[in-house]
Amino acid sequence: MPLLSRPTRTVGRNEHRELLTGTPLMSTVIQAYRFAMDPTPRQRRALASHCGAARVAYNWGLQLVYERLEQRTVDPTVQVPWTLADLRREWNRAKHRVAPWWAENSKEAYSSGLDGLARALKGWSDSRYGRRKGRSVGFPRFKKKGRTRDACRFTTGAIKVLPDRKHVRLPKVGVLKTHESTRKLARRLEQGSARILAATISRQADRWFVSFTVEIERHLPASNGMGTVVGVDVGIKHLAVLSTGVVISNPRPLEHRLRKLRRIDRQLARCTPGSKRWELARRRLARVHVGAANLRRDALHKLTTALATEHAVVVVEQLNVTGMLQNRRLARTLADAGLAELRRQLSYKTAWYGSRLLVADRFYPSSKTCSRCGWVKAKLSLNERMFLCASCGLVIDRDLNAARNLVNLIDNVARSGRETQNARAVDVRPGPAGLATPKREAGAESLRIKTGTVGA
Ligand SMILES: [Zn+2]
């Protein structure tokens with residue numbers, strides 16, 4: 001990519017320390033490597049069967065919890081299984097009766113479902129008794145086939161990345177072909193700098209993925225020796241616009257997918273909900289969405305590596321989660337998905353390369369503010385591509401204006417003291433400890449997923 005010139009690298013603070021002490025600063029981080037798979041029809045059935053088994057165990061456990069809670073209203077000595085160990089004990093006692101076919105799947109499948117339930121129950125009780133931050137968590141609900149994400153996690157047994165870099169081995173399912181090379185992970189495993197903790201299989205539209213949760217020894221520098229601040233605005237027309245004026249366009253295949261997405265979305269709107277045609281269009285839409293997301297992720301990997309290595313501070317906007325749920329416009333959905341992916345990648349890459357990620361306050365009107373004089377426009381609709389300032393007459397591309405405002409924000413923070421920083425922007429650089437918290441592994445989704453193809 002010709003977009004970011006690479007200035008000569010100066011020696012960072014930590015490298016000095018390394019030279020002095022002779023010991024590199026290594027940290028253990030938890031990282032995920034995700035690969036698309038090419039299963040045979042038989043393996044597809046086995047994968048689906050494992051996900052189904054996880055769901056059955058989850059639902060069975062939840063039913064049991066309800067029954068026991070009910071019984072306890074009359075008999076207070078009744079024990080309600082709440083932890084994974086309790087649930088697993090009950091399951092092993094009941095499985096011959098409720099799932100005589102249990103031996104067809106790895107025992108990890110049932111364990112995975114029960115683990116999900118135990119976490120959901122804990123989330124609910126923690127939330128209820130004020131031990132958990134954020135929005136309140138509801139009581140776990142039954143999982144419905146086709147409505148919930150198909151996934152199953154293996155933590156023990158024959159989990160392997162084969163040395164040919166084209167196959168992986170999973171318990172009971174056997175040797176599966178991967179769609180892409182596993183070399184990034186295989187290399188680390190061979191060197192002994194990585195250890196597989198778990199493997200999660202999941203389905204997206206009709207593609208199967210395996211995600212390895214891996215413990216990795218990584219060098220985390222405190223600084224990358226750069227001194228510049230860069231603001232990034234994620235768009236729909238372009239992949240991203242930087243405050244430096246650089247526009248990174250969408251790669252051609254992504255552009256193509258996005259056009260297709262818009263077309264199917266319009267078709268879907270014309271179908272009667274619930275009809276056969278509607279169902280078909282919905283499936284097609286899901287498939288194209290997955291394809292577009294993969295292409296965008298790959299393109300963003302290149303960009304985020306460049307940003308994290310070539311600037312001291314990267315500023316992005318905060319994702320408006322509640323607004324995201326309310327707005328059903330396709331354009332907004334796509335932009336938000338891009339921003340979420342950008343932030344996810346930057347949050348770990350800035351830690352890897354010694355830069356900082358700053359997230360602007362949600363209420364900071366980065367697109368509505370003039371980046372030259374600070375005048376705020378009352379309303380800016382999504383289709384207005386240019387920003388016109390009524391105060392100083394600036395005419396500028398909408399996304400570039402937003403990116404510049406993000407940088408201005410940081411300059412203001414630097415000039416005024418700490419308070420502004422707290423009010424306006426949040427430093428989200430996670431320390432090595434934050435990165436290595438294995439608690440966040442709940443679903444592969446919440447992890448820092450790294451594709452096998454792009455990225456460092
Ligand atoms: Zn102005």
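Select Ile30 and Glu215. Ile30 has Glu215 as its bridge partner in β7. Now show both strands whole: β1 and β7 run antiparallel, paired over 11 bridges. Two strands count as paired when DSSP finds at least two bridges between them. Strands here are DSSP runs of E, at least two residues, and helices are runs of H or I, at least four, numbered from the N terminus.

Before going on, note that this is a predicted model, in which local features need pLDDT of at least 70 and side-chain atom pairs count only at pLDDT 80 or more, while totals for chains, interfaces and linings use all residues. Residues are numbered from 1 along each chain as its sequence is written, and side-chain values use heavy atoms, with hydrogens and water left out.

Stay on β1, residues 26-36. Of its 11 residues, 9 are buried. Buried means under 20% relative accessible area, exposed means over 50%, and partly exposed is in between (1.4 Å probe, protein chains only). In a regular strand, side chains alternate between the two faces of the sheet.

Select Thr182. This residue sits in the loop between β5 (174-177) and α5 (183-191). Is Thr182 buried or exposed? Thr182 is buried, at a relative accessible area of 0%. Show what surrounds it: beyond neighbours within four places in sequence, Thr182 contacts Phe35, Val161, Arg165, Lys166 and Val168. A contact is heavy atoms within 4.5 Å.

Move along α5. Lys184, Leu185, Ala186 and Arg188 are buried there. Just after the helix, Gly192 has a positive phi of about 85°.

Go to Arg165, one of the contacts of Thr182. Arg165 lies in the loop between β3 (160-161) and β4 (167-170). Its phi is near 65°, positive although the residue is not glycine. Arg165 is partly exposed, at 23% relative accessibility.

Next, pick Ala205, in the loop between β6 (194-204) and β7 (207-219). Phi of Ala205 is near 50°, again positive in a residue other than glycine. Ala205 counts as partly exposed, at 24% relative accessibility.

**Aromatic stops**

Select Phe139, in the loop between α4 (107-128) and β2 (151-154). Which residues does Phe139 contact, neighbours within four places in sequence aside? They are Leu62, Val65, Tyr66, Leu69, Trp82, Leu121 and Trp124. Colour Tyr66, Trp82, Trp124, Phe139 and Phe142 together, as they form one aromatic cluster.

Rings of Phe, Tyr and Trp (its six-membered ring) pair if their centres lie within 6.5 Å; planes under 30 degrees apart are stacked, over 60 edge-to-face, and the rest tilted. By this rule there are 12 aromatic pairs. One is Trp101 with Tyr110, tilted, at 6.4 Å centre to centre and 40° between the planes. Trp101 is partly exposed at 32% relative accessibility, whereas Tyr110 is buried at 2%. Then jump to Trp352 and Tyr353: their centres are 6.2 Å apart and their planes at 85°, so this pair is edge-to-face. Both of these residues, Trp352 and Tyr353, are buried.

**Zoom out**

Finish with the whole protein chain. Its secondary structure comes to 12 helices and 16 strands. Buried residues make up 45% of its 456 residues. Among contacts with a separation of 6 or more, 69% join residues 24 or more positions apart.
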